[in-house]
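Colleague: Could you walk me through this one? I'd like to start with the charged side chains.

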Amino acid sequence: MLHTFFNRNYTNTQVDVVLLMLRIGVGSMMLVHGLPKLEMLMAGGEVQFPGVMGMNPTLLLILAVFAEFFCSILLILGLATRFATIPLIITMLIAVFVIHANDPFTNQELGLHYLLTYLALLILGAGKFSVDAFLIRNVEKQQPKNSLK
């Protein structure tokens with residue numbers, strides 16, 4: 001029984017399933033944060049969003065909506081996954097180290113969890129259960145075989 005818990009031999013399929021769960025889970029949770037921001041942006045009127053580093057609050061809201069809503073959808077689908085994580089990483093860095101910089105750790109903790117997950121997805125990619133993998137497989141099928149290998 002202990003052997004099962006301490007086993008470090010993972011199959012590629014196990015890793016791909018974990019990547020799928022991470023993408024769908026964290027993408028869905030961040031989508032919940034992005035939807036109210038999208039609604040705020042679409043409502044028009046005065047934007048109630050913090051300005052950071054002298055930047056326009058409306059521009060920052062647009063960037064946050066892009067990251068938290070649209071990039072989360074890309075993440076869930078596994079489409080352009082590594083590119084989609086970059087705006088999400090930047091958003092979490094700003095949230096944790098600028099917006100919540102003076103807050104207690106408990107207010108920074110969720111952003112750090114997201115940040116670490118996005119970093120893992122940036123490094124590992126989407127896995128085989130993704131649109132990225134589907135597209136790569138189709139491109140590889142269409143490439144002519146080089147007989148000189």
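Modeller: The side chains of Lys 37 and Glu 68 form a salt bridge, with 2.9 Å from N to O; the term means a side-chain nitrogen of Lys or Arg within 4 Å of a carboxyl oxygen of Asp or Glu. The pair links distant parts of the chain, as Lys 37 is in helix α2 (residues 12–43) and Glu 68 in helix α3 (residues 57–77), 31 residues apart. Helices are DSSP runs (H or I, at least four residues) numbered from the N terminus.

Colleague: What should I know about the model and the numbering?

Modeller: This is a predicted model, where local features need pLDDT of at least 70 and side-chain atom pairs count only at pLDDT 80 or more, while totals for chains, interfaces and linings use all residues. Residues are numbered from 1 along each chain as its sequence is written, and side-chain values use heavy atoms, leaving out hydrogens and water.

Colleague: Are Lys 37 and Glu 68 buried or exposed?

Modeller: Both Lys 37 and Glu 68 are buried, that is, under 20% relative accessible area, with exposed being over 50% and partly exposed in between (1.4 Å probe, protein chains only).

Colleague: And why does Phe 66 count as partly exposed?

Modeller: Phe 66, in helix α3, counts as partly exposed because its relative accessibility is 42%. Leaving aside residues up to four places away in sequence, Phe 66 touches Cys 71 and Pro 87, where contact means heavy atoms within 4.5 Å.

Colleague: Switching to α5, where is the kink centred?

Modeller: The kink in α5, of about 25°, is centred on Gly 111, the bend being the angle between axes fitted to the seven residues ending at a residue and the seven starting there. Gly 111 is among the buried residues of α5, and what covers those buried residues includes α2, α3 and α4 (81–99).

Technical notes: Helix = DSSP H or I, 4+ residues; strand = E, 2+ residues; numbered from the N terminus.
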